[in-house]
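Here is a walk through one structure, meant to be read with the model open beside you.

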Amino acid sequence: MAFVRTSLLLLSTVLLLPVPALADDGLALLQRIAQGSRELTYSGTFVYRSGGKVDTSRIAHSLRDGIEFERIEALDGSPREVIRAGGEVKCFFPDEKLVIIENRSIGRGFPALLPAGLGSLPEHYAIRSGGQGRVAGLKSRAVLLQPRDDLRYGHEFWMDAASGLLLKANLVDARGETLESFVFTQVKIGGPLEHGALQPRFNTEQVRVQQVRTTELKADDMDWMFRTLLPGFRKVASMKRQSAPEQPESLHVVFSDGLASISVFIEPGGSAGDAETVTTLGPVNVYRRQLGDHRVVVMGEVPALAVRRLGDGVERRRK
């Protein structure tokens, strides 16, 4: 769950043409960003922007004995916070007196937007180092990624020049317009965190605990097939998922190119006459189609063409 980009830099297509030496340099900078978000101790405040939506959150992060600990608190709207310890994520909703607990092996938020392995990214993005500037009072350096096809968006990353921590991230469409942005407005990197920075601020007594049940699946265990795979996207997770005891169990499959991710949900419900639809929610495109007595929902921060193409290739496996 992310608490969830106004660009500091407008770049022409010419400036983003791949140049091998610069691409190598850019990839090395991306590797520093990926490492920094996981290994550094930091705390601060960041702002998320998409369309007219603006959310401000406070974050604290550390690494102890190889395990990441993180707390994110929303500072706008109804109170809510996320506590992460390794793969266990607890989402607190004080007004509802509700805690949702889930084990997640995938899905990360700002500033940990990059995976540990980046080797295949240059096949699908032209990567180069960009200019220098200041973000949250810190000297920063840009890394720019332009997609090589129409199945993914572009990215602008601004990293702290000293530590490598990601300070700002912009998601950019084919017209160069910013679809969303994350940016630190204040950040402290290194040193000990304040006492209790990683502990929940809300009363955890007398709350409902909702455990999201997930069961990892192998390819042979799934009743569904994906006939149309997208270039560069590979399946990184597949699981049965039940968000609450009264909810139907669904299949959740995640595809990623190492940066962009697409989730496919298949669950019982809907009717045969339901129309296929594509809707846009900020930077997220969602494709829905009915397949027999099951509903297929494909969603991700990718162009509509990508979610539709992947969703149209979903088929029931013949037994």
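## Charges over rings

A charge sits over a ring if NZ of Lys or CZ of Arg is within 6 Å of the ring centre and within 35 degrees of the ring normal. By that rule, Arg-152 lies over the face of Tyr-125, at 5.9 Å from the ring centre. Arg-64 does likewise with Phe-69, at 4.0 Å from the ring centre.

Residues are numbered from 1 along each chain as its sequence is written, and side-chain values use heavy atoms, with hydrogens and water left out.

The pLDDT (the predictor's confidence in each residue, from 0 to 100) averages 87 over the chain, and 91% of the residues score at least 70. Helices (H or I, at least four residues) and strands (E, at least two) are DSSP runs, numbered from the N terminus. Over residues 1-22 the pLDDT stays under 50. Where pLDDT is low, the predicted coordinates should not be read in detail.

Two strands pair here if DSSP finds at least two bridges between them.

Have a look at the E7 end. Strand E7 (residues 125-135) pairs with strand E8 (residues 138-147) in the antiparallel sense, over nine bridges. Val-135 has Leu-138 in E8 as its bridge partner, and Gln-132 stands opposite Arg-141 in E8. The E7 and E8 hairpin has two residues between the strands, and Ala-136 there takes a positive phi near 55°. E8 also pairs with strand E9 (residues 154-160), antiparallel over six bridges, and here Arg-141 stands opposite Met-159 in E9. This second hairpin, of E8 and E9, has six residues between the strands.

## Aromatic rings inside

Rings of Phe, Tyr and Trp (its six-membered ring) pair if their centres lie within 6.5 Å; planes under 30 degrees apart count as stacked, over 60 as edge-to-face and the rest as tilted. The structure holds seven such aromatic pairs. One of them is Phe-46 with Phe-182, a tilted pair at 6.3 Å centre to centre with 55° between the planes. This pair links distant parts of the chain, with Phe-46 in strand E1 (residues 42-50) and Phe-182 in strand E11 (residues 178-189), 136 residues apart.

Is Phe-46 buried or exposed? Buried means under 20% relative accessible area, exposed over 50%, and partly exposed in between (1.4 Å probe, protein chains only). Phe-46 is buried because its relative accessible area is 2%, and Phe-182 counts as buried at 6%. The rings of Phe-110 and Phe-182 have centres 5.3 Å apart and planes at 10°, so this pair is stacked. Phe-110 lies in the loop between strand E6 (98-103) and helix H2 (121-124), 72 residues from Phe-182. Ring pairs link Phe-46, Tyr-48, Phe-110, Phe-182 and Phe-184 into a cluster.

## Leu-165

Leu-165 is found in the loop between E9 and E10, and counts as buried because its relative accessibility is 0%. Contact means heavy atoms within 4.5 Å. Leaving aside neighbours within four places in sequence, Leu-165 has contacts including Tyr-42, Pro-111, Trp-158, Met-159 and Phe-184.

## The seven-strand sheet

The other open sheet to look at has seven strands in the order E13-E15-E16-E17-E20-E19-E18, with antiparallel pairing. Strand E13 (213-216) and strand E18 (277-281) are the edge strands, and the twist averages 20° from one strand to the next. Axes are lines fitted to C-alpha atoms, for helices over the stretch in contact, and angles run from 0 to 180 degrees between N-to-C directions. Helix H3 (residues 304-312) packs on the sheet, touching elements including E16 and E18, and its direction makes about 25° with that of strand E19 (284-291).

Within this sheet, strand E15 (residues 234-242) and strand E16 (residues 250-256) run antiparallel, joined by seven bridges. Arg-241 has Ser-250 in E16 as its bridge partner.

Key
This is a predicted model: local features need pLDDT of at least 70, side-chain atom pairs count only at pLDDT 80 or more; totals for chains, interfaces and linings use all residues.
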